[in-house]
Amino acid sequence: MSESPLDPNIPQPELEMAGPQGLGTTAEALPTAIRKPIGLALQGGGSLGAYTWGVLDTLLGSRSLTIAQLSGTSAGALNAAIVASALAKGTPADARKALASFWRRLAQPAMADLGRDLWGPLERAWRETIHGWLVTGSALSPYTANPLGLNPLRDAIAAHVDIDAIRSRTAPALFVTVTNVRTGLPRVIGNDAMTLDVLLASAALPQLFQAVEIDGEPYWDGGYSGNPTLWPMIHSGAARDLIVVQLVPDIDLEPPTDARAIRRRIGEIVFNSSLVAEMQSIAATRALTREGDGAAGVREVRMHRIGPPGRDLLAQGSSLERSRAWIDRLHESGRLAARNFGQRHGADIGVRETLDVGRVFGGAHKPKLRRPANDGAFDGAPLPATAAG
């Protein structure tokens, strides 16, 4: 078998992008001070995270951008942690190499074989769906199928993430979301409290992995409660331009009718629900504060989006597949999506927003609000005279 053109052991040509008006023409090292700071919000989605790897590969190769902060969930958290770790110790080129090494390791036959041995019945049942396990009641519990709590991701993460580097002052801000099993509430964990278990918890799909204990509490995949979480990056002010790398489609042109398609669409809606809620909150807060002095961060942040992958690509595999061909296909699609974003919107970074939050996430139909009959009692208006009885 010939070597992949994206093999991390083979020197890669300098990245060509959008030219003077785009994201830069090469990956030449330039002073960080003249680069535009961006924040990246990385959605989770199993092996679809290889698409995000492709996006990051392109953005890290830009000479006009610098990654100031990252927020990630599940596979997005792993990608974000690898980038934050590498940037804390080295250069964007180091981050690109670390990402390539991590995803190549996940795609190795030995890793895939181990996964089939542990969860073969689950993967066979769901390999053609996206998060089909959400409504599958006949699956074995991971406490039965995997009583030792083995997680093949642990060694791969440990080999590519330096927790001490993430906790250092040189690392970009990192926010990872996990879901508390008992309360159902999200917990966002930053650099200072980052651990290997936090990253494992953020990617702990409950039908495949046992809950991960953090500070005495059990946690599952963060995708249930923040996929990804945006508010910490908005409040931090480290970068006014936030790019959401979305993996889960938000629109299905045709309503699903067969059982497999219905399960797939349920998974997409559930895993997009927290992102939709945050985007709607951003739009609502902007509307309420447009004339006021509060919530400056919400008004000033500029939202952008790369993704989600097209339906034609998603139909070729699943979020549980880890074959080399599938990982490579996702990676190349992510690279192309980021290049296209750079060509269309590279000059907009630092200037204007390119994602119409209200239109994309607000919905076309809004309820008609009625004023309470006694609303005047609350806004100071005089009440009408009461007729004599």
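How exposed is arginine 352, in terms of relative accessible area? Arginine 352 is partly exposed, at 45%. Buried means under 20% relative accessible area, exposed over 50%, and partly exposed in between (1.4 Å probe, protein chains only).

The views below come from a predicted model, in which local features need pLDDT of at least 70, side-chain atom pairs count only at pLDDT 80 or more, and totals for chains, interfaces and linings use all residues. Residues are numbered from 1 along each chain as its sequence is written, and side-chain values use heavy atoms, with hydrogens and water left out.

**View 1. Aspartate 348 and arginine 352 meet in a salt bridge.** The N to O distance is 2.5 Å. A salt bridge here is a side-chain nitrogen of Lys or Arg within 4 Å of a carboxyl oxygen of Asp or Glu. Aspartate 348 is buried, at 12% relative accessibility. Arginine 352 is partly exposed. Elsewhere, salt bridges that share partners join Asp57, Arg96, Glu332 and Arg335 into one network. The structure holds 13 salt bridges.

**View 2. Aspartate 57 pairs with arginine 335.** The closest N and O atoms of this salt bridge are 3.0 Å apart. Aspartate 57 lies in helix α1 (residues 49–60) and arginine 335 in helix α13 (residues 324–345), so the pair ties together parts that are 278 residues apart in sequence. Helices (H or I, at least four residues) and strands (E, at least two) are DSSP runs, numbered from the N terminus. Both partners are buried: aspartate 57 has a relative accessible area of 8%, and arginine 335 has 11%.

**View 3. Glutamate 217 pairs with arginine 182.** Their closest N and O atoms are 2.8 Å apart in this salt bridge. The pair links distant parts of the chain, 35 residues apart. Glutamate 217 sits in strand β6 (residues 217–221). Arginine 182 sits in the loop between β3 (173–180) and β4 (186–189). Arginine 182 counts as exposed, at 59% relative accessibility.

**View 4. Helix α1 is mostly covered.** Of its 12 residues, 12 are buried. Among them are Tyr51, Trp53, Leu56 and Asp57. The end C-alpha atoms of α1 are 16 Å apart, which agrees with the 16 Å that its 12 residues should span at 1.5 Å a residue. The expected span of a helix is 1.5 Å times one less than its number of residues.

**View 5. Helix α13 has 22 residues.** From first C-alpha to last, α13 reaches 31 Å, close to the 32 Å expected at 1.5 Å a residue. Its buried residues include Trp326, His331, Arg335 and Phe341. The cover over the buried residues of α13 includes α1, α3 (92–106), β7 (241–245), β8 (302–306) and α12 (311–314). Contact means heavy atoms within 4.5 Å.

**View 6. The largest nonpolar core has 68 residues.** A nonpolar core is a set of buried Ala, Val, Leu, Ile, Met, Phe, Trp, Tyr and Cys residues joined through side-chain atoms within 4.5 Å. Leu40, Leu70, Leu174, Met194 and Leu199 have the most contacts inside this core. Helix α2 (residues 75–89) gives the most to the core, with nine residues. Leaving aside neighbours within four places in sequence, leucine 40 is in contact with Leu56, Leu59, Ile67, Gln69, Leu70, Ser71, Met233 and Ile243. Apart from this core lies another, of 14 residues, among them Leu230, Val244, Met303 and Leu355.

**View 7. Serine 71 is found in strand β2 (residues 65–72).** Serine 71 counts as buried, at 0% relative accessibility. A polar atom of its side chain lies 2.6 Å from the backbone oxygen of threonine 229. Not counting residues up to four places away in sequence, serine 71 touches Leu40, Ala41, Leu42, Phe175, Pro228, Thr229 and Met233.

**View 8. Phenylalanine 102 and tryptophan 103 form an edge-to-face pair.** The structure holds one aromatic pair. The ring centres are 5.5 Å apart and the planes stand at 85°, so the pair is edge-to-face. Rings of Phe, Tyr and Trp (its six-membered ring) pair if their centres lie within 6.5 Å; planes under 30 degrees apart count as stacked, over 60 as edge-to-face and the rest as tilted. Phenylalanine 102 is buried, at 1% relative accessible area. Tryptophan 103 counts as buried, at 3%.

Notes. Polar contact = N/O pair within 3.5 Å; in protein donor to acceptor, adjacent residues only side chain to side chain.
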